[in-house]
Amino acid sequence: MRQKNRELKLIFTVLVLVFAAFLAVPVLRLLVKSFWGEQGVTGEFYTAVFTGRNFGQTLMNSFAVSAAAAVAAVLVAFVLAYAVHYTRLPGWVKTALRGAATLPMFIPTITYGFAIIYSFGKQGLITQLLGFQLFNIYGFWGLLVGYVIYTVPVAFLLICNTMEYVDKKTLVVSKVMGDGALSTFWIAVLRPLLGTLAGAFVQAFFLCFTDFGIPASVGGKFDVIATVLYNQMLGGIPDFNRGAVVAVIMLLPSVGSILLLRFLERYNIRYDRVSSAELKRNPLRDGAWGLSGAVLGLMLLSIFVVIFLVPMVQNWPYQRTFTPEHFASVFADKDLRKVYLHSLAMALLTAFFGTLAAYGGALITARSTLPRACKQTMDSVALVTNTIPGMVLGLAFLFCFRGTSLQNTFVLMILCNIVHYFSTPYLMMKNALSKMNAGWETTALLMGDSWPKTIFRVVTPNAAASLIETFSYYFINSMVTISALIFIVGSKTMILTAKIKQLQYINQYNEVFVLSLLILATNLLAKAIFTWLANNREKKATKQTEEKGN
């Protein structure tokens, strides 16, 4: 046992040092930068920002559009999730609804804005089909549409996950008790989901409030906090101190969101046992919810049609003859091919080392006899990484590592992604390891096996499916991220999302869409491969368990 603790202590020490150097120190440096001037400690930077022109209005803009988008996203996600879990629609329809709800996760958020421009602009595809422009794409409405598309997948996954554990026999009991349709809907569906729905709203709001990609393309003159931070740091005259102040202000809603989520946990209903109840046939119910889900799904997907259409024609919307020229020019461009390889390599390395970090942290909390303080430290790290917006973390890295050998390197970008996305993979691994037999390591130790041998031979094979899912999560998010890396990417370490931002400035939207499709294709292919591997691994594990039982 002492040997086991020695190795776990080494893992714990390495992880603590990594997060101290690449999370605690950069964030503290950011805080100091917001207070420290040439004369020492000062509040002048906060005063300058708060009394700056239109800053109050900018803050109000961010809160207003984020709240509106979060409400809309939760409503859309609820309808789609209800159609999946509370109807008897055909399996292929439910699969299609899941696909429509989660597809935006595979595309960079900066692309959403360009898709909105080419769909709802004066010469946009949807505008031309309708014969009139639905709304002004630059400003509140453009941001609202982009934010809803961005946050529906997150809200959908949260609501869907909870619906799987809601006891559906409550529907039968409520009807037997003579409750009306609305009362049954409240008692059996909405009431058990209140905590999750509120949590989905908080998560969606936080994502909207801190996103940079969508405002960068359709924000227009409707300033939000993310564009203010970008302009302070990468505008005409960078102001590091005021940029640090804006970054600290962006942290406040994230901290508030975590406290609120903790509070909302008490409203989650937990069942001692979830009963499997087959829903009765109800064509009216299935038709209504199925049609609603289909319409919303099509609305989500219709915005992305232009991504496929525009680069395939000569010059949208004036010359609509088909041409493969735009794809050919991108794939023939050595620089763009190099940028793609940069993104691919960064995503793979992030996924590999990120999975190791998440696995190591989960082993400490779920399968170790280390002191409670060590386990709480890992949980706290996950909590903190979940609260820090990507732009704030990227800016903190800029302040901390500017002028060092790590500046503008792939190493720094990979470390930034590992820290930024650590929370969810860690919790995934912790949950998987917690469900395994707690006595495996002790039994193996009594039989003479070392702790590393037990982990490699017993624990890791049984955790393989979760490890693959963790790898997939890191890979896909690393391919689409921009906010966390926009401040630390360099000309020699250019990645696809940052290149898309550059191409925007010179109005090369055909190239923008081709690169976006390249990211989408890469992520869909990766997801298919990872899902296949994970499912195969689960089947093998189940088969081995059954054979042992027999």
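Which residues of α5 are buried? The legends below take up this question in a predicted model.

**View 1. The whole protein in the predicted model.** The protein holds 25 helices and four strands. Of its 550 residues, 53% are buried. Among contacts with a separation of 6 or more, 80% join residues 24 or more positions apart. The accessible surface of the protein is about 26,300 Å², and carbon and sulfur atoms account for 63% of that surface.

**View 2. Helix α5, residues 109-120.** This helix has twelve residues. From the first C-alpha to the last, α5 reaches 17 Å, close to the 16 Å expected at 1.5 Å a residue.

**View 3. Burial of α5.** The helix is mostly covered, with twelve of its twelve residues buried. These buried residues are Thr109, Ile110, Thr111, Tyr112, Gly113, Phe114, Ala115, Ile116, Ile117, Tyr118, Ser119 and Phe120.

**View 4. The crossing of α5 and α24.** Two packed helices are described by the angle between their axes and the distance between the axes. For α5 and α24 (residues 496-505), the axes cross at roughly 35 degrees and come within 9 Å. The crossing of α5 past α24 is left-handed.

**View 5. Side by side: the residues where α5 meets α24.** On α5, the residues in contact are Ile110, Thr111 and Phe114. On α24, they are Ile500, Lys501 and Gln504. Sorted by class, this contact has three nonpolar residues, two polar residues and one charged residue.

Note on methods: Residues are numbered from 1 along each chain as its sequence is written. This is a predicted model: local features need pLDDT of at least 70, side-chain atom pairs count only at pLDDT 80 or more; totals for chains, interfaces and linings use all residues. Side-chain values use heavy atoms; hydrogens and water are left out. Axes are lines fitted to C-alpha atoms, for helices over the stretch in contact, and angles run from 0 to 180 degrees between N-to-C directions. Helices (H or I, at least four residues) and strands (E, at least two) are DSSP runs, numbered from the N terminus. A crossing is left-handed if the near helix is turned anticlockwise from the far one by less than a right angle, and right-handed if clockwise. Contact means heavy atoms within 4.5 Å. Ala, Val, Leu, Ile, Met, Phe, Trp, Tyr, Cys and Pro count as nonpolar, Asp, Glu, Lys and Arg as charged, and the others, Gly among them, as polar. Buried means under 20% relative accessible area, exposed over 50%, partly exposed in between (1.4 Å probe, protein chains only). Accessible areas come from the Shrake-Rupley method with a 1.4 Å probe; for residues, only the protein chains shown count as cover. The expected span of a helix is 1.5 Å times one less than its number of residues.
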